Amino acid sequence: MKCLIVGCGYVGLPLGAELVRLGHEVFGLRRNAAAQDELRAAGIQPLFADITKPETLAGLPRGFDWVVQCVAAGGGVDNYRRVYWEGAKNLIAWLAPAPPRKLLYTGSTSVYGQDDGSLVKESSPAEPVAETAKVLLETEQVLLESFRRDKFPAVILRVAGIYGPERGHWFKQFLKNEARMEGDGARFLNMIHRNDVVGCVIAALKHGRAGEIYNAVDDEPVSQRNFFEWLGGTLGKYPPPSVPENPDDRRRRGVTNKRVSNRKLKMELGYQFKYPNFRKGYTAEILRLERAGQLHVVPEER
Ligand SMILES: NC(=O)c1ccc[n+]([C@@H]2O[C@H](COP(=O)([O-])OP(=O)(O)OC[C@H]3O[C@@H](n4cnc5c(N)ncnc54)[C@H](OP(=O)(O)O)[C@@H]3O)[C@@H](O)[C@H]2O)c1
């Protein structure tokens, strides 16, 4: 297949490398020309454009079979609107004369606003409170609407919190003694290892049905408390101190608490996770850091 990865970064780069390894022809799009060598080293043919500026897309080659939209916006709702929502519209308009067989968009499980710890499936209400998550939901609607209207073959992957080499917010905080348990730590975290994001994207490109949504998350949502207790036991540290939380403040900020199900993805796409839970994924990550001499555990005073 002739593949285009729009936003060839933390996920896009290893995704491109894997597609190359599988024998596909892969192009990777970014804004920053300094990424050229990195892309070429992975066997990816670099393209440079900014999806918020349609005129920069006009001169690019077309005729792709698979397109993956995995650009990421920096913080701020205006940025989100430009990069995700306008970016999706620009991309669809640019691809429309020669539509791909499939366009896969890496969205986010943040579109589920549930805060009661409930089990969340693709058919569950997506009613986010956070402004950024609202933009991500509107971006999905742009893509789904183009499928309904013009049969544009969009597939949505709602991706959970990504961790892996150099990533993992709670883990990094914990190593530095900067992590805090929110209240009793009962809030659920939903995660996925980067290698499994790559695997899920490829499974969805192969088997995903246009117009459908799939949750990309591992098998085991974990409470903050269980996550920190496991990390503490593994690294020989105490779990972090708890800070009181204010439910009203939490609700206002759109902090969610839910257990996201991957059943549809596993059943329909037949994907088998390499890291089905955080213990497997973080064991690999801790070993990697340890072997590279990069595991710096700051001891805490108690
Ligand atoms: N991180 C998470 O936990 C998480 C969770 C759920 C979903 N996701 C989604 O997963 C996807 C991949 O995330 P990631 O962590 O791989 O992101 P990333 O490392 O920040 O990579 C995004 C890439 O997009 C490029 N880019 C940014 N703005 C662009 C624009 N306007 N035009 C063209 N290229 C642009 C950037 O390169 P240049 O700067 O060179 O342009 C960068 O290489 C994103 O869609 C993200 O929203 C992430």
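**Close-up views of a predicted model**

**View 1. Valine 6 and its partner.** Valine 6 sits opposite glutamine 69 of strand 4. Here strand 1 (residues 2-6) and strand 4 (residues 66-69) run parallel and are joined by four bridges. Strands are DSSP runs of E with at least two residues, helices are H or I runs of at least four, and both are numbered from the N terminus. This is a predicted model, where local features need pLDDT of at least 70, side-chain atom pairs count only at pLDDT 80 or more, and totals for chains, interfaces and linings use all residues. Residues are numbered from 1 along each chain as its sequence is written, and side-chain values use heavy atoms, leaving out hydrogens and water.

View 2. Seven parallel strands line up in the order 3-2-1-4-5-7-12; two strands pair if DSSP finds at least two bridges between them. Strand 3 (45-48) and strand 12 (213-216) are the edges, each with a single partner strand, so one side of each has no neighbour in the sheet.

**View 3. Helix 7 over the sheet.** Helix 7 (residues 194-207) lies across strands 4, 5, 7 and 12, at about 145 degrees to strand 5. Angles run from 0 to 180 degrees between N-to-C directions, with axes fitted to C-alpha atoms, for helices over the stretch in contact. Of its 14 residues, 11 are buried, meaning under 20% relative accessible area with a 1.4 Å probe, protein chains only. Among them are Val197, Val198 and Cys200.

**View 4. Helix 8 meets helix 11.** The axes of helix 8 (residues 224-235) and helix 11 (residues 278-291) come within 11 Å and cross at roughly 35 degrees. Contributors to the contact include Trp230 of helix 8 and Tyr282 of helix 11, contact being heavy atoms within 4.5 Å.

Terms used: Buried < 20%, exposed > 50% of the residue type's maximum accessible area, 1.4 Å probe, protein only.
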